[in-house]
Structure formats: structure tokens, C-alpha cells
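Visitor: I have a structure here and would like to go through it step by step. Could you help me read it?
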Amino acid sequence: MARADSFDLGGLHLHSGEGRRLELEVEQEPLELAGTRYEPAPQRLPVRLDVSRTTGGGYALRLRARATLAGPCMRCLEPATPAIEVDAREIEVPGGGEELDSPYVVGELLDLRAWVHDAVALVATAQVLCAPDCPGLCPVCAVALASAGPEHHHEREPDPRWAKLRELELD
Ligand SMILES: [Zn+2]
Ligand SMILES: [Zn+2]
């Protein structure tokens, strides 16, 4: 499979209304989400790129890929490796104004690496969880409830300082 961190759209020589589907590989960079580093996998990500030539000498682009991320769960901080489904679109029409001006296309060169990075980050912002229904942390003792199990509960406040703290928060 062709490795393509940037891709020359002009090289496809498409006429208006024509399209092409490409299977490419893109190098992934580590992601930083909410101050935490996440490692994407695989490092060379297979992507499907649909390129259509629009009227006015522009391009309509669709990017699809399936990546995984490894890092702490956003709710309970346990290790998580969620699947990230990317399905993103860009439109680039020269002189078409801000809405038709893709930040990833300069001239006829598509910065596929930057697009993949941003598209994965966008999906991941809401999705780095150890399980889709991760229950998060116990509000009393801050243990991860997913690993503590359903039996985990407290008879009463374990430490009077917590109760004190809660009173203060209510004020
Ligand atoms: Zn979790
Ligand atoms: Zn607890």
C-alpha cells in the first residue's frame, strides 16, 4: 500500500465530476488530549480516501479510517484502548470563500497526515474510555468503579473531612 503523508490531488488528472477511491497509509503521530498523551495505533494507518473533482476546479474529499488509541480512560484513568472510527469530509474550491477552503489543501497538495491527526483527535475528544459505559470513579474514595466491581459501596462516610469538604462546596 502506498505511503502518503501528503498527497498530490493534481496528479490524479480528474475532470469535473470524476472521482477516484484510494487506499493509502498514513503515519500517525501521538495525540495530546486534555493534557494527556495518547498513542495511536497502528502507527501506519490504512485510510480510504475518496476524491471527487467539483465544478470550478475544486475537490470534495472523504476520509475513512479505523484507528485505536492507547492511554488512560478519561473517566477512571484505567488503561484504555478504544477504537476510533473516522469519517471526515473536506471541500476545497479555489476562490470559493472560507467555507470551501480546506485547511489541509494547499494548491493541489493534500496534507493527509495533518488531516488524519485532527480527525482522530476530534473523534477521540469524547471517546477515550476503557468501556463505553465506564462508571468512572467512586465519589467517596476515588477508586475506579469498573475494576472495583459492583459490590463496591460505603456504609457511611469514611472520613469526616470529606463530609466537611462537601458542606463547604454547598455554600
Ligand atoms: Zn474507565
Ligand atoms: Zn468507594
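Visitor: What is the geometry of the site of the zinc ion (ligand 2)?
Guide: This is a predicted model. In it, the site of the zinc ion (ligand 2) is tetrahedral, with angles of 103 to 113° among its 4 donor atoms.

Visitor: Which residues coordinate that zinc ion (ligand 2)?
Guide: The donors are Cys 138 and Cys 141, each through SG, together with His 152 and His 154, each through NE2. They coordinate the zinc ion (ligand 2) at 2.0 to 2.3 Å. Along the sequence, these donor residues follow the spacing C-x2-C-x10-H-x1-H.

Visitor: Where do Cys 138 and His 152 sit in the chain?
Guide: Cys 138 is in the loop between α1 (112-124) and α2 (145-148), while His 152 is in the loop between α2 and α3. The two are 14 residues apart, and the pair links distant parts of the chain.

Visitor: And is Cys 138 buried or exposed?
Guide: Cys 138 counts as buried, at 7% relative accessibility. His 152, by contrast, is partly exposed, with a relative accessible area of 26%. The cut-off for buried is under 20% relative accessible area.

Visitor: Now the zinc ion (ligand 1): what holds it?
Guide: The zinc ion (ligand 1) is coordinated by the SG atoms of Cys 73, Cys 76, Cys 130 and Cys 134, at 2.3 to 2.4 Å. The spacing of these donor residues in sequence is C-x2-C-x53-C-x3-C.

Visitor: Which parts of the chain does the pair Cys 76 and Cys 130 link?
Guide: Cys 76 belongs to the loop between β7 (59-72) and β8 (79-80), and Cys 130 to the loop between α1 and α2. They are 54 residues apart, so this pair links distant parts of the chain. Cys 76 is buried, with a relative accessible area of 4%, whereas Cys 130 counts as partly exposed at 31% relative accessibility.

Visitor: Why is the arrangement around the zinc ion (ligand 1) called tetrahedral?
Guide: The reason lies in the angles: the 4 donor atoms around the zinc ion (ligand 1) subtend 107 to 114°, which makes the arrangement tetrahedral. For orientation, the ideal angle for four tetrahedral donors is 109.5 degrees.

Visitor: Let us change topic. How many salt bridges does the structure hold?
Guide: The structure holds 10 salt bridges. One of them joins Arg 113 and Glu 29, with the closest N and O atoms 2.9 Å apart.

Visitor: Which residues are linked with them in a network?
Guide: Asp 5, Glu 29 and Arg 113 are linked in a network of salt bridges.

Visitor: What does Arg 64 form a salt bridge with?
Guide: Arg 64 forms a salt bridge with Asp 50, and their closest N and O atoms are 2.6 Å apart. Arg 64 lies in strand β7 and Asp 50 in strand β6 (residues 44-53), so parts that are 14 residues apart in sequence are tied together. Arg 64 is partly exposed, with a relative accessible area of 23%, but Asp 50 is buried, at 14%.

Visitor: What about Arg 62 and Asp 87?
Guide: Their side chains meet in a salt bridge of 2.7 Å, N to O. Because Arg 62 lies in strand β7 and Asp 87 in strand β9 (residues 83-92), the pair ties together parts that are 25 residues apart in sequence. Arg 62 is partly exposed, with a relative accessible area of 22%, and Asp 87 counts as partly exposed at 45%.

Visitor: Next, the open sheet of 3 strands: what is its order?
Guide: The order is β2-β11-β10, with antiparallel pairing. β2 (7-8) and β10 (105-106) stand at the edges with a single partner strand each, so one side of each is left without a neighbour in the sheet. β10 pairs with β11 (residues 109-110) over 2 bridges, and Val 106 stands opposite Leu 109 in β11.

Visitor: Finally, which residues form the nonpolar patch on the surface?
Guide: The patch consists of Trp 162, Leu 165 and Leu 168, with about 300 Å² of accessible area together. Trp 162 is found in helix α3 (residues 160-170) and is partly exposed, with a relative accessible area of 38%.

Terms used: Residues are numbered from 1 along each chain as its sequence is written. Chains are lettered from A and ligands numbered from 1 in the order in which they are written. This is a predicted model: local features need pLDDT of at least 70, side-chain atom pairs count only at pLDDT 80 or more; totals for chains, interfaces and linings use all residues. Side-chain values use heavy atoms; hydrogens and water are left out. Two strands pair if DSSP finds at least two bridges between them. Helices (H or I, at least four residues) and strands (E, at least two) are DSSP runs, numbered from the N terminus. Patches are made of residues with over 30% relative accessible area and no salt bridge: like charges are joined within 9 Å, nonpolar side chains (Val, Leu, Ile, Met, Phe, Trp, Tyr) within 5 Å. Accessible areas come from the Shrake-Rupley method with a 1.4 Å probe; for residues, only the protein chains shown count as cover. A salt bridge is a side-chain nitrogen of Lys or Arg within 4 Å of a carboxyl oxygen of Asp or Glu. Buried means under 20% relative accessible area, exposed over 50%, partly exposed in between (1.4 Å probe, protein chains only). Donors are N, O and S atoms within 2.8 Å of the metal (3.2 Å for Na, K and Ca); water is not among the atoms, so sites may look incomplete. Four donors count as tetrahedral if all angles lie between 85 and 135 degrees; four count as square planar and six as octahedral if opposite donors are over 155 degrees apart and all others between 65 and 115; anything else is irregular.
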